[in-house]
Amino acid sequence: MRSVAAWWQTGVIYQIYPRSFQDSNGDGIGDLPGVLARLDYLSGLGIDAIWLSPIYPSPMADFGYDVSDYTGIDPIFGHLADFERLVAEAHRRSLKVILDFVPNHTSDRHPWFLESRRSRTSPKRDWFVWRDPGLDGGPPNNWLSEFGGPAWTFDPTTGQYYYHAYLAAQPDLNWRNADVRAAMHDVMRFWLDRGVDGFRIDTVHHLVEDAAFRGNPPNPAWHPGLPPTLALERRHTIDQPEVHEILAGFRRLADAYDARVLIGEAYLPLDRLMAYYGAELAGVQLPFNFHLIGAVWRAPVLAELIRRYEALLPAGAWPNWVLGNHDRSRVASRLGPAQARAAAMLLLSLRGTPTLYYGDEIGLSDVPIPPERVQDPWGKNVPGFGLGRDPVRTPMPWDGTVNAGFSAGEPWLPLNPDWPTRNIAAQEREPGSMLALYRKLIALRRSEPALSVGDYGAIEAEGSALRYERVAEGARVEICLNLGDEPIELVRPRDATHIVLSTFLDRNGESVAGPLRLRPAEGVVLACARQP
Ligand code: GLC
Ligand code: CA
């Protein structure tokens, strides 16, 4: 007997980048009252959970991923009371709320770090990763920051270096210290007690570093065309074995509450990623699977990716898929507007929890940012490689009014130039829009158990088409996606009866008798005859 699926298995998660979702007070920066005002839109879209990128007090060196108080709300976003109202109103609409939890590092303005850097004998000295200079007086070893330059910054007050996997303004916590663990567990309880339904845990593969501080070996695949941050393998700085015990601690804590979910952000090869489910599945329930983001958009490649991911999943582990987020180029820019529709169908018909990124539901693309408006520290510190993430974080265009209805004031990042036509209100009026497609796909996933909880039947590539079946007790559907830009004709799927949904939204209900013709980039969900 199949056990009843949890909400985070059948549900669709929607990522909100709060700075860019909806501004309520005209300062050009999105905020919590803004999110609150858009809850009806979100429940109308049909999603089940919102994940909010960080809303805690922060100097914003990395736009909230540098936290100076884990149990507060940054005044830019509102107050704790706004957050509590948001949770209550979301729950009233059966929407779950997932917070971003940033345990790897604090802000350099966090009181813990200010205390730690005061003296070598500070009671919080060991809360962060301090080391003596190397023999030459330089950094203790060759470790590199993800955001450019050495991962060590010298602190003249105490004559030691501190470690930071990201910016110097983001000192790494020392997770080998029991007090750090206890303090961060208290943080998790603080939010869980306030009704938060789970956490997306930032950069979990970075939580611990090699205890012996061994230097990283050169990356043989590196060449000067690649960012200098990739010049070394990260053998001793990511994915260390001790991380799993830390995640198991988070999980025990979350499991003491009802129906909470932990999602782990780890950019790792599939075989390494699987370890984040934990031994006996005691790790995070959903280690983010980002492998669609970088995949070559060809049917045999995707068929192989899906099969490989499924084959590697530990017994009982639940899959998940992601097409984009606040760190990566948007799907509409990567694949073009036509294939972005096929990608939407893929994401919402694969087995496992899908996570959507705000704006993708209207086909928003990366927005060019004029040099004087660049904000992202990564793009600034490592220039020339297109690493800046501002283009994927631009304001949500809601309608055709001033500043696309996002803000009465000048938005903190420019709007997409096509906002007068590409916005939520315009697509709500247009029956064939991307938004209409997303609504239909989400609704279909909810009503069709073969899609929400079913297993796979065959997964195959046929020419430029990716085909797979989803099967649940008594119900079966087949998905055919033309990933090419030529029309194709497929042998009639064994026992498909009719088209339930086409990405073009113009042949729903059409019966399938002979061969199935698909237009360039067209995807269809087909209903199949019931099994005897
Ligand atoms: C994660 C976040 C990213 C942030 C980094 C450092 O990768 O998604 O936005 O810059 O961690 O916290
Ligand atoms: Ca605001």
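View 1. The model shown is predicted. Domain 1 brings 26 residues to the contact, and domain 2 brings 26 residues.

**View 2. Buried area between domain 1 and domain 2.** The size of an interface is often given as the accessible area lost when the parts come together. Here domain 1 and domain 2 bury about 1,900 Å² between them. Carbon and sulfur atoms carry 71% of that area. On the side of domain 1, the residues that lose the most area to domain 2 are A299, M345 and R351. Together these three account for 28% of what that side buries.

**View 3. Polar pairs across the domain interface.** Between domain 1 and domain 2 the count of salt bridges is 0. Polar contacts do cross the interface of domain 1 and domain 2: the rule finds 8 residue pairs, with both residues at pLDDT 80 or more.

**View 4. Helices on the face of domain 1.** α10 (299-312), α12 (337-347) and α15 (434-447) each supply at least two residues of the side of domain 1 that touches domain 2. The largest share of this side comes from α10, with 7 residues. By residue class, the side of domain 1 that touches domain 2 divides into 16 nonpolar, 4 polar and 6 charged residues.

**View 5. Surroundings of ligand 1.** There are 13 residues around ligand 1. Those that come nearest are D62, D202, E265, H326 and D327. D327 places a polar side-chain atom 2.5 Å from an oxygen atom of ligand 1. For H105, a polar side-chain atom lies 2.9 Å from an oxygen atom of the ligand. In R389, an N or O atom of the side chain is 2.9 Å from an oxygen atom of ligand 1.

View 6. Side chains of opposite charge can pair when their charged atoms come close. The whole structure holds 40 salt bridges. One of them joins E146 and R234, whose closest N and O atoms are 2.5 Å apart. E146 sits in the loop between β4 (130-131) and β5 (152-155). R234 sits in the loop between β7 (198-201) and α7 (243-255).

Methods
Residues are numbered from 1 along each chain as its sequence is written. Chains are lettered from A and ligands numbered from 1 in the order in which they are written. This is a predicted model: local features need pLDDT of at least 70, side-chain atom pairs count only at pLDDT 80 or more; totals for chains, interfaces and linings use all residues. Side-chain values use heavy atoms; hydrogens and water are left out. Contact means heavy atoms within 4.5 Å. Buried area is the accessible area (1.4 Å probe) that two parts lose on being put together, summed over both. A salt bridge is a side-chain nitrogen of Lys or Arg within 4 Å of a carboxyl oxygen of Asp or Glu. A polar contact is a pair of N or O atoms within 3.5 Å; within protein, one must be able to donate a hydrogen and the other to accept it, and residues adjacent in sequence count only if both atoms are side-chain atoms. Helices (H or I, at least four residues) and strands (E, at least two) are DSSP runs, numbered from the N terminus. Ala, Val, Leu, Ile, Met, Phe, Trp, Tyr, Cys and Pro count as nonpolar, Asp, Glu, Lys and Arg as charged, and the others, Gly among them, as polar. A residue is near a molecule or strand if one of its heavy atoms lies within 4 Å of it.
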